[in-house]
Amino acid sequence: ALVSTQSTGKKESEDIANFNAIQDPNTLAALQDKLGQMNIKRADSDTLDLPVAIRKRVNAIKNIQLQTTKIEADLYKEVHKLEIEYAKKYAPLYERRMQIVNGEVEPSDSECVMPGEEENVTPQDNDNESLKGIPEFWLTIFKNTEILSEMCMPHDEPILESLQDIQVSFPPAPSMGFVLEFLFAENEYFEDRVLTKSYEMKSEPDDFDPVAFDGPEIVGSTGCTINWKKGKNVTQKVVKKKQRMRGGKGQTRIIQKTIKENSFFNFFSPPQMPAEDDMVDEELEALLTTDFEIGQYIRERIIPKAVWYFTNEVADIESDLDDVDSEDDASSTSDYDDDLEQNENIVANETVTDVQKEECKQQ
């Protein structure tokens, strides 16, 4: 049963509010629709209108299916091992990419010529030899990618200008998880040079519910603490509100509230997975699914194909594909938009900063 203590409910509400600030309604609606499609109606063979002998044979086939499902789970584990091996081959190439992007090295003339292009490129009027690397490389990728641009607010952009690289690493076996590492140059916003987001996965079918197995599934995700410099936390904002004092004759006080602010950096404060025996409501399940999908998107698309997102070549193709489903998604997003608006300004704390007394005006 769903835990009903006040502390647990408050924690879940805060988790949902924190993560709501980075949600793309279109993406979430699509994911919710996907979740709905996965609800397969199950019927026990005993309830089917079949002769006993045939029911027995159906059960035998089910046991065969369970064995194939276990083999499928092992296949995913082997693929994960292979991915880790190939990550070692990618590593020096990604290192070279990072060095060029950040101006640590200058590529050779031969590296700068694409297949089919001439080696002598005519200088352009806007050429600036003093520029190092590729300025705002990752920020441009965020802007060019719909799902990331929805998460990125204007006040995030100065921070993302200092983003030097995004990397993926893998914990030791038998874990099937992965860790996203965001590398930053020294900046005026936080002390950290690396922010991490870890995802735990498993590939284990349930003997009592094998039909639910659909490949590796998320077990949980863990963000990191961001050590913000004083007054630079973009995930919060302070608002002041005048409040009339109880029992006072015309007296008011100023209430200062720290509320959640929309920001990409809420990505590092994901909702927590509930205990194994607790039920998960639909909203929390959708948020957890979305969190996982975003992590997978960065891992499988953004990191390996970063330059194509920078030039917007991949993003254009994905945009065309998304347009096909846009009409189906439109009606599903309106209800979520209302929930998002209600949850995005959750009070984190409040303090009385001043008391202002006003004289009652004589009528």
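A salt bridge is a side-chain nitrogen of Lys or Arg within 4 Å of a carboxyl oxygen of Asp or Glu. In this predicted model, the side chains of Asp 291 and Lys 197 meet that description, with 2.7 Å from N to O. Asp 291 belongs to helix α7 and Lys 197 to strand β3, so this pair, 94 residues apart, links distant parts of the chain. Both Asp 291 and Lys 197 are buried.

**The chain as a whole**

- The protein chain contains 9 helices and 7 strands.
- Of its 363 residues, 32% count as buried.
- Among contacts in the chain with a separation of 6 or more, 67% are between residues 24 or more positions apart.
- The accessible surface of the chain is about 23,200 Å², and carbon and sulfur atoms account for 49% of that surface.

**Further salt bridges**

- The count of salt bridges comes to 9.
- One of them joins the side chains of Asp 207 and Lys 70, at 3.5 Å from N to O. Asp 207 lies in the loop between β3 and β4 (217–222), while Lys 70 lies in helix α3, and the two are 137 residues apart.
- Asp 207 has a relative accessible area of 42% and is therefore partly exposed. Lys 70, with a relative accessible area of 38%, is also partly exposed.
- Another salt bridge brings together the side chains of Glu 83 and Arg 299, at 2.5 Å from N to O. Here helix α3, which holds Glu 83, is linked to helix α7, which holds Arg 299, across 216 residues of sequence.
- Glu 83 counts as partly exposed because its relative accessibility is 30%. Arg 299 has a relative accessible area of 8%, so this residue is buried.

**Charges over rings**

- Arg 299 also has its charged end over the ring of Phe 178, 4.4 Å from the centre of that ring.
- The charged end of Lys 89 sits over the ring of Tyr 86, at 4.4 Å from the ring centre.

**Aromatic pairs**

- The structure holds 21 aromatic pairs.
- In one of them, the ring centres of Phe 190 and Phe 265 lie 6.0 Å apart; the planes meet at 65 degrees, so the pair is edge-to-face.
- Phe 190 is in the loop between β2 (178–184) and β3 (194–202), and Phe 265 is in the loop between β6 (251–260) and α7 (282–302), so their pairing ties together parts that are 75 residues apart in sequence.
- Phe 190 is buried because its relative accessibility is 2%. Phe 265 is likewise buried, with a relative accessible area of 1%.
- Tyr 297 and Tyr 309 make up an edge-to-face pair, with 6.4 Å between centres and 65 degrees between planes. Tyr 297 lies in helix α7 and Tyr 309 in helix α8 (residues 306–310), so this pair ties together parts 12 residues apart in sequence.
- Both Tyr 297 and Tyr 309 are buried.
- Ring pairs also join several residues into a cluster, made up of Phe 142, Phe 182, Phe 184, Phe 190, Trp 228, Phe 264, Phe 265, Phe 267 and Phe 268.

- The buried residues of α4 include Phe 137, Trp 138, Leu 139, Ile 141 and Phe 142. Phe 142 is also a member of the ring cluster.
- The cover over the buried residues of α4 includes α3, α5, α6 (157–160), β1 (163–169), α7 and α8.
- Thr 145 is found in the loop between α4 (137–144) and α5 (146–151). With a relative accessible area of 2%, Thr 145 is buried.
- Apart from neighbours within four places in sequence, Thr 145 is in contact with Tyr 297, Ile 302 and Tyr 309. Two of these residues, Tyr 297 and Tyr 309, form the edge-to-face pair described above.

**A nonpolar patch on the surface**

- Leu 82, Tyr 86 and Tyr 90 form a nonpolar patch on the surface, and together they have about 320 Å² of accessible area.
- Leu 82 belongs to helix α3 (residues 52–101).
- Tyr 86, a member of this patch, is the residue whose ring lies under the charged end of Lys 89.

How values were computed
Residues are numbered from 1 along each chain as its sequence is written. This is a predicted model: local features need pLDDT of at least 70, side-chain atom pairs count only at pLDDT 80 or more; totals for chains, interfaces and linings use all residues. Side-chain values use heavy atoms; hydrogens and water are left out. Helices (H or I, at least four residues) and strands (E, at least two) are DSSP runs, numbered from the N terminus. Buried means under 20% relative accessible area, exposed over 50%, partly exposed in between (1.4 Å probe, protein chains only). Contact means heavy atoms within 4.5 Å. Accessible areas come from the Shrake-Rupley method with a 1.4 Å probe; for residues, only the protein chains shown count as cover. Rings of Phe, Tyr and Trp (its six-membered ring) pair if their centres lie within 6.5 Å; planes under 30 degrees apart count as stacked, over 60 as edge-to-face and the rest as tilted. A charge sits over a ring if NZ of Lys or CZ of Arg is within 6 Å of the ring centre and within 35 degrees of the ring normal. Patches are made of residues with over 30% relative accessible area and no salt bridge: like charges are joined within 9 Å, nonpolar side chains (Val, Leu, Ile, Met, Phe, Trp, Tyr) within 5 Å.
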